[in-house]
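Here is a short briefing to read alongside the model. Have the sequence and the 3D view open, and let's walk through a few spots together.

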Amino acid sequence: MSESKTPTPTPAGDTYKGWVFKWTNYIKGYQRRWFVLSNGLLSYYRTQAEMGHTCRGTINLATATISVDDACNFVISNGGAQTYHLKASCEVERQRWITALELAKAKAARMQAESDDSGDEFSPSSPPAAPGQGGGSQNSEIQSALRTLGSKVEDLGTCNDLISKHGSALQRSLSELDSLRMTGEAGDKIRQVTERATLFRITSNAMINACRDFLALAQAHSKRWQKALQAERDQRVRLEETLEQLAKQHNHLERAFRGAAQANATADNKSPSGPGKGEASDEDDDNEFFDAMEEAPEFITVPADPQFHKRSSSNVSGFNSEMCPDDQSLNEEPLAMNQESPSQELVPLKKRRTKISDKPNYSLNLWSIMKNCIGKELSKIPMPVNFNEPISMLQRLSEDLEYHELLDKGSKCQSSLEQLCYVAAFSVSSYSTTVHRTGKPFNPLLGETYELDRRRESGYRSLCEQVSHHPPAAAHHVISDRGWTLRQEITVASKFRGKYLSIMPLGTIHAIFEKGHNHYTWKKVTTTVHNIIVGKLWIDQSGDIDVVNHTTGDRCHLKFAPYSYFSRDVARKVTGVVMDKDGKAHYVLSGTWDEKMEFSRVMQSSRGENGAEGKQKTVYQTLKAREVWRRNPLPEGAESMYYFTSLALTLNELEEGVAPTDSRRRPDQRLMEDGRWDEANSEKQRLEEKQRGVRREREREAASQRTSSQSEEAVDEDSLTDPSLKSAPHDSHKALWFERSEDQITGEQVHIYKGGYWEAKDRGSWEDCPEIF
């Protein structure tokens, strides 16, 4: 037997393999066979190559008996049908196998005894979606730890029994030798060996006893801690149930009160009254959603006095100092636009698709994959396509242009403050596509691109390129014939926290208008995916956005309110104030990021009462709210098509003339869209392995260049300020269509479009594109 590994007390899942001679028949006698001991089962094969397909026999050691015939022979039998007469190459090898077999038999017997009771230990856990869900999981972890600890102590006990058994046999053999008449020197050696064997057995017994004491102490303390923890958990559940009931009762009373108030207001409107009273009542009804809520908003809006409406409608000048002198031309109509004649809408020259293959109904437990990824970066977690949607992150970025007409309208505005309202609404509109989209976009391969050419239909051209892989970063550039340019470089940071997933887009978005040369910047808010463990997945957006006009100093502060079960406010609410460089408010924005946004012109502002935190709130008197943006309805059957919008359905549609690196040509993404998920998973693994190989080769080349040139050992100044270079100092990848430079507005190191893509497309010249698929 050529096995050199010495079996040690290892978990039952470990394997022990080796060559052993097995008795076959009286003609052939003992023949060499390959034996594998794994998970309490002893199997044998004629050769090692047979392990993948042909097993010659298996014995379950849980019910088997192991006996020793002589120095090299031993027998394994299950009491009837199967009996293996085995012979090792020497006594030492036989003893190694005997030790491994006895350990495996003890573990298999314990596992068989515990298998009937293993389900009961998880039964006290709370039902799905209950507040006490976490308690059952923690209790299961404690019980699992105790079982593991007990299993280890039993392993040590088994080892102790073996040591005692073989130690006694050794002492008997040494005693027999000692009884023989031998020279004095040999007798001294034998007594010395006997003493050492005795000391070894005593030490082993002491070790086992100490482990048993530790286990008993741990079990005693664990029971006490579990009782205290369960009491706290039960109390918390009762408190949550009470609060939930109180919240429902409170909402019911509030709705009843508001219904009565509206009925009274209706009755007052129907009663004879003067025209001034009637106007005030109408404004109250229109602005009812501006009431102060328990979330303590930073400001309060109230309807403006009727005199402001009359002055505004008749274009009477002479507003007081609290009003906005630049906006006297505004009335209650939508935001004032340029008086140029509206351009005729262009009819699409190509009929875009309106449907893709329905999403297959594959069941896969997300928690089974994500439970080992808590606290890790999402982009580094290998995920099957079952949790994806059949578009890439580059295409998802291009979806920000779903409501590009907001920028088209903004480019025609006479006032920068009006323009800022449209830009702020555009920054909110990009989240409307995420409300039902719980699927994860494909991580783009390094060098992957995506173009969205809608110049004939909508007047713009968009290009994205994956410029970094770790951390993942994508550069985006859009140019419109209607007087605006949009660019951004987004790096997505994400963390899995167990119950929810946080996605933090890092990077600045720039919108530049030719008219007035206004340059706006803003950043994205945090996206949170809830109910990762149990329940239906749902998405929330939270945080603040500051849209800044770096040309005029105007600013709009938007606040995305996080969802709260106990809040009386509307869900997914967004509020904002448009101010000039002096801090004077001109417009108030309000709405929801998944439905619509409205604006109200501020006529007057004043300081109100102190809020809950002692801060003085600002009260804005506004005109009637008008809608500036509303979400487009989803196409028919969207629930079976990943909840894609009309634009998203066309993003992965095949087009001629695109670059070889375009996301439309990515094979695993295409297979997933066609419903062939198993093939898509295999293709995804191939592409990722190919990308890893290219990266390793690129790092080797960079390392050889550094060693050959002393000048390249110095740290470049860019690498000190660039997070992507810090994370991957050996990656020498350079983007093809974007170049790295310092942003003149923010001072950040970003990738800016350097040109050449659309010219290359016109020529059909893609020689410089890498082969990434």
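In this predicted model, the largest nonpolar core holds 62 residues, and Leu486, Trp522, Val547, Leu558 and Phe560 are the ones that touch the most other members. Helix H9, residues 416–429, gives the most to this core, contributing nine residues. A second, separate core has 19 residues, among them Leu42, Leu61, Leu86 and Ala88.

**Around valine 547**
- Setting aside neighbours within four places in sequence, valine 547 is in contact with Leu420, Val423, Ala424 and Ser427, among others.
- Its contacts also include Tyr520, Thr521 and Trp522, as well as Asp554, Arg555, Cys556 and Leu558.

**Helix H9**
- H9 is mostly covered, with 14 of its 14 residues buried.
- The 14 residues of H9 should span 20 Å at 1.5 Å a residue, and this agrees with its end C-alpha atoms, which are 20 Å apart.
- At the start of H9, serine 415 has a side-chain oxygen that comes within 3.1 Å of the backbone nitrogen of leucine 417.

**Serine 663**
- Serine 663 counts as buried because its relative accessibility is 0%.
- The side chains of serine 663 and glutamate 448 are joined by a polar contact of 2.6 Å.
- Not counting residues up to four places away in sequence, serine 663 touches Ser392, Leu394, Gln395, Glu448, Thr449, Tyr450, Asn652 and Gln669.

Conventions. Residues numbered from 1 in each chain as written. Predicted model: local features only at pLDDT ≥ 70, side-chain atom pairs only at ≥ 80, totals over all residues. Heavy atoms only, no water. Buried < 20%, exposed > 50% of the residue type's maximum accessible area, 1.4 Å probe, protein only. Polar contact = N/O pair within 3.5 Å; in protein donor to acceptor, adjacent residues only side chain to side chain. Contact = heavy atoms within 4.5 Å. Core = buried A, V, L, I, M, F, W, Y, C linked by side-chain atoms within 4.5 Å. Helix = DSSP H or I, 4+ residues; strand = E, 2+ residues; numbered from the N terminus. Expected span 1.5 Å × (residues − 1).
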